[in-house]
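Let's take a friendly walk through the charged side chains of this protein. Have the sequence and the structure open as you read.

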Amino acid sequence: MKQIRNRWIFLLVIVVFTGGLWAKGSMNTWGKGGDEVAFFDDASEKIEQRVSQGKFPALDAVYKELFYAPLWVKAGGLSPFGSALLEVITKDETVTPAVNVYEKYRAARKAIEALQAKQGGTLADKVALELTLTRLYLTYARYRIYGGIDWARFKAKIKDLTEKYKVKVGWETYPPKVSPASLLNDALSDGDLARAFDDAEPTRFGYRQLKQHLIRYIHISQAGGWPKLPHFKTIRPGQSSARVIPALRKHLKLTGDLQGCDTPMDSPKYDTCLVDAVKRFQLRHGLKGDGVIGPSARKALNMTVTEAIQKIRLNLDRIKYLSRKESPMRIELNIPAFRLNFFHQDKLVTTIRVVVGRPDHPTPSFHNRMKYIVVNPWWKIPESIVKTEMLPKLIRDPYHYEAQGKELHASYDETSERIDPGTINWAQYRDKDKHIPYYFMQVPSRHNALGKIKFLFPNGYSVYIHDTPSKSLFFRSQRAFSHGCMRIQKPRELLESLALFNDNIDVDGVMKQLEGTEKKTIVLNHSVPIDITYLTAFIDPYGYLNFRKDIYHYDWYQLKDYTPKCRPLTGAKHLAPSKPAATKQTASKPRPTAQASDTVRSEPIATADADGTMHLPERSRVKKVDRNGYEVIEIYDN
């Protein structure tokens, strides 16, 4: 009974809109109107006849909720909702000829013009337009809510990679809770279609800022893009090139990296101001910020604006399927960026370099909660590592790994019976399908592969964050070297950050325990949400656009089946004329977060010395938490 009552209340809302708000008319009218009530009844009957025969299930699903009432069209023209739908799409500058919404929008406009030419036409004409606009709505709603990634095909590819690599490859998705039908219900209840679309978009992971950059790059593409650089060898600061440098200046001016330079745009000199711009560009692309334009920088500069647009679009659509759970404190780890960021109330607490999994041992993407810290951990070596990396040496010398503190046990319990590796015929396990019924573990020590501390968030992939004795890898710009777990450069900083919100963590006491080898587990009083993501175009914590190398080839896999397809926009016709977004000089002190309306930023997360050493810009940091809240203390570290 309650469901029936709610449906009749909903129908009453439609009738009120039809007789009241819709009667105000719209700019999309035709000369011959008629009785709106009679049209409502006749159109409803006609719509039901057209869509309820099973031929158009998507349309039928929408109109069942509306009791087959017309939503977009009335007797004398478009309803305010019909006009609102066209206005929302017209104002959406991301709708270009590459998007399937574009042609459906133009078809709907032509249908409206045809009805205006007929002064309204017949009932059948108006119902046909009503259904055309519903199809347009569904196409646009799917574009805004779901994006263009074929997740089913990609999940099948992930399954193939699991078989190929013999490790569990993972990318967990968290589908949007809103649907085209529920969005329409919200819009009808609120009377504001544009706001319903805006509310359906993600608010996390810099989505709205990234979308603003997409629009900026679309404007650049429509204006002709940036010039293609001619082939050149390495260019160093102070050198000159009349073929390359002027084109490079124009490119970096368009991307926002070239700022405040007095040098003429056609100058061939690779001067100091342009060097600084190249450093900004390099750091935004995850490269060594040394100002030397070598093969890596040249490859990044050769990315066309069309490819940049496609990359931004793809990552916007990935964000739509990330977890939308809000939390005062959170950890975000982006795999291609090789970096972990800890936030509290949108303030950056700390940022740490990370080593992630190799391409054949990819770190999975998923959402979880960090719950435990283990001091002086044992490393329970997976069987896959034993078979692929340790077995050849065990066959030659069963005691090879004892010097490294790697003990053979009857189980992964540290107190389980130790096994003499010399009593095992290791050659019999050359068969890749034969299980090894023994377990290697490395005892706690400064040589342990996990270092002296690990941070756990129980998951189905057996991955975690941990310390490492191999510190040199953190100084490389590309850091995909692990077996899937995430090694962090500064475990003490993460420990201190967690201690700000967990008073049961005694940092000094933990540091003292690390001097020994006794294992200890700390259960966090307040577990921390952690998102491990794979974003190759993203907004860093200071609001700047970054691009990264597709280390696992996921961009390539997803773009094979992606819509919209990549195509140049030079000379493309806009749905409506618009002015290019204004750009401003960036303030000297960056902000940790920004809203969609904020100035678009393009500077890097860090600066670099001449030797390529990176330094973080100024940041605000949560220093203390007590019963009355938290105190923010500004720390300036360059």
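What follows is a short tour of salt bridges and surface charge.

Please keep in mind that this is a predicted model. Side chains of opposite charge can pair when their charged atoms come close. In this model there are 28 salt bridges, and a few of them are set out below.

| Salt bridge | N to O distance |
|---|---|
| Asp317 and Lys320 | 3.0 Å |
| Glu414 and Lys380 | 3.9 Å |
| Arg492 and Glu496 | 3.0 Å |

Begin with Asp317 and Lys320, whose side chains meet in a salt bridge. Are these two residues buried or exposed? Both Asp317 and Lys320 are buried.

Next comes the salt bridge between Glu414 and Lys380, at 3.9 Å from N to O. Lys380 belongs to strand E7 (residues 379-380), while Glu414 sits in the loop between strand E8 (406-409) and strand E9 (439-442), so this pair ties together parts that lie 34 residues apart in sequence.

Arg492 is partly exposed at 39% relative accessibility, and Glu496 is partly exposed at 27%.

Why does Arg144 count as buried? Its relative accessible area is 7%, and buried means under 20%. The side chain of Arg144 also reaches the backbone oxygen of Phe197, at 3.4 Å.

**A patch of negative charge**

Which residues gather in a patch of negative charge on the surface? They are Asp35, Asp41, Asp42, Glu45 and Glu48. Patch residues have no salt bridge by definition, so Glu48 and the other members of this patch stand apart from the pairs described above. Glu48 is placed in helix H2 (residues 36-51). With a relative accessibility of 39%, Glu48 is partly exposed.

Technical notes
Residues are numbered from 1 along each chain as its sequence is written. This is a predicted model: local features need pLDDT of at least 70, side-chain atom pairs count only at pLDDT 80 or more; totals for chains, interfaces and linings use all residues. Side-chain values use heavy atoms; hydrogens and water are left out. Patches are made of residues with over 30% relative accessible area and no salt bridge: like charges are joined within 9 Å, nonpolar side chains (Val, Leu, Ile, Met, Phe, Trp, Tyr) within 5 Å. Accessible areas come from the Shrake-Rupley method with a 1.4 Å probe; for residues, only the protein chains shown count as cover. A salt bridge is a side-chain nitrogen of Lys or Arg within 4 Å of a carboxyl oxygen of Asp or Glu. Lys and Arg count as positive and Asp and Glu as negative; His and the chain ends are not counted. The place of a charge is taken as NZ of Lys, CZ of Arg, CG of Asp or CD of Glu. Helices (H or I, at least four residues) and strands (E, at least two) are DSSP runs, numbered from the N terminus. Buried means under 20% relative accessible area, exposed over 50%, partly exposed in between (1.4 Å probe, protein chains only). A polar contact is a pair of N or O atoms within 3.5 Å; within protein, one must be able to donate a hydrogen and the other to accept it, and residues adjacent in sequence count only if both atoms are side-chain atoms.
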